[in-house]
Amino acid sequence: MISFPNAKINIGLNVTERRPDGYHNIETIFYPIKINDALEIIEADKLSFESSGLEIPGRVEDNLCIKGYHLLKKDFDIPPVKIHLHKHIPIGAGLGGGSADAAFFIRLLNQYFNLGLTEIQMMAYARQLGADCAFFIQNRPVFAFEKGDEFEPVKLDLSTYKIVLVMPPVHVSTGEAYSGVKPAPVKESLMELIYLPVTEWRKHIKNDFELSVFKNHPVIRGVKAALYEAGALYAAMSGSGASVFGIFKETPDLGELENTNQVFY
């Protein structure tokens, strides 16, 4: 059985406070986009994981799909599976690719083995794997808050626009991104700002990570500037970076950016 986990972008991101548990409270808008991995499972004699496409860093046993299997195995008598992941969503890009793979893997196991889990139950498992994992169970635009793992639906449809994503040859770790941010309460919540016209977002919706990340990685700042020069109505870094997206009325010509970056139309 095969599925195609998709990426997400963050439209705005405010880091509001540091939590006693060491995490941060944030608010952001998660919006799904059509950049996909391919994930397949088949029954096997033993649990295994293999990948193709982009190289996945880290140990196999730390992969979120493997962790997801063990999580469900505690509660269900499921047999071993062979997992194959073709990785296409850029890694270290602020696109939630690893979280999407884990969430879609939980959905695959639920469907393949007829576990009977509801979306709410699958989201509860996904939250144990990562702050944004649960988003990909329902995979609809949401206002995310707390650690980024609590959601309220938002009526946001960007299907009449062209969303273009640019991934520069840079990696930004989450720790690096957070180290340069000073948490602060918001004056205007993204829950309200997201309903402004897209043409107004540039003046009101920001990503708190951009200030320090752009300072350390000016190439990312340059990508955002280039998207505005190409006619973007709104452009921003997604999450903690390094990817930058632009929202356009029509598909732009980004030939120059294609020379040194990955560009997804």
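Is Glu61 buried, exposed or partly exposed? Glu61 counts as partly exposed, at 44% relative accessibility. Buried means under 20% relative accessible area, exposed means over 50%, and partly exposed lies in between (1.4 Å probe, protein chains only).

This is a predicted model, where local features need pLDDT of at least 70, side-chain atom pairs count only at pLDDT 80 or more, and totals for chains, interfaces and linings use all residues. Residues are numbered from 1 along each chain as its sequence is written, and side-chain values use heavy atoms, with hydrogens and water left out.

**View A. Glu61 pairs with Arg59.** The two residues form a salt bridge, and the closest N and O atoms of Glu61 and Arg59 are 3.3 Å apart. A salt bridge is a side-chain nitrogen of Lys or Arg within 4 Å of a carboxyl oxygen of Asp or Glu. Side chains of opposite charge can pair when their charged atoms come close. By this rule, the count comes to eleven salt bridges.

**View B. A salt bridge links Glu50 and Lys82.** The side chains of Glu50 and Lys82 meet at 3.9 Å, N to O. Glu50 lies in strand E5 (residues 48-53) and Lys82 in strand E6 (residues 81-87), so the pair ties together parts that are 32 residues apart in sequence. Strands (E, at least two residues) are DSSP runs, numbered from the N terminus. Glu50 is partly exposed at 36% relative accessibility. Lys82 is partly exposed too, at 33%.

**View C. Lys73 meets Asp77.** Their side chains form a salt bridge of 3.8 Å, N to O. Lys73 is partly exposed, with a relative accessible area of 34%. Asp77 is exposed, with 74%.

**View D. Salt bridges form a network.** Arg19, Asp21 and Glu146 are linked in it.

**View E. Four strands make an open sheet.** The order is E2-E3-E7-E8, with antiparallel pairing. The edge strands are E2 (6-18) and E8 (150-153), and each pairs on one side only. The twist averages 25° from one strand to the next. For such angles, axes are lines fitted to C-alpha atoms, and the angles run from 0 to 180 degrees between N-to-C directions. Two strands pair if DSSP finds at least two bridges between them.

**View F. Strand E3 runs antiparallel to strand E7.** E3 (residues 24-36) and E7 (residues 142-145) pair over three bridges. Which residue in E7 is the bridge partner of Thr28? That partner is Ala144. Strands of a sheet pair through backbone hydrogen bonds, either parallel or antiparallel.
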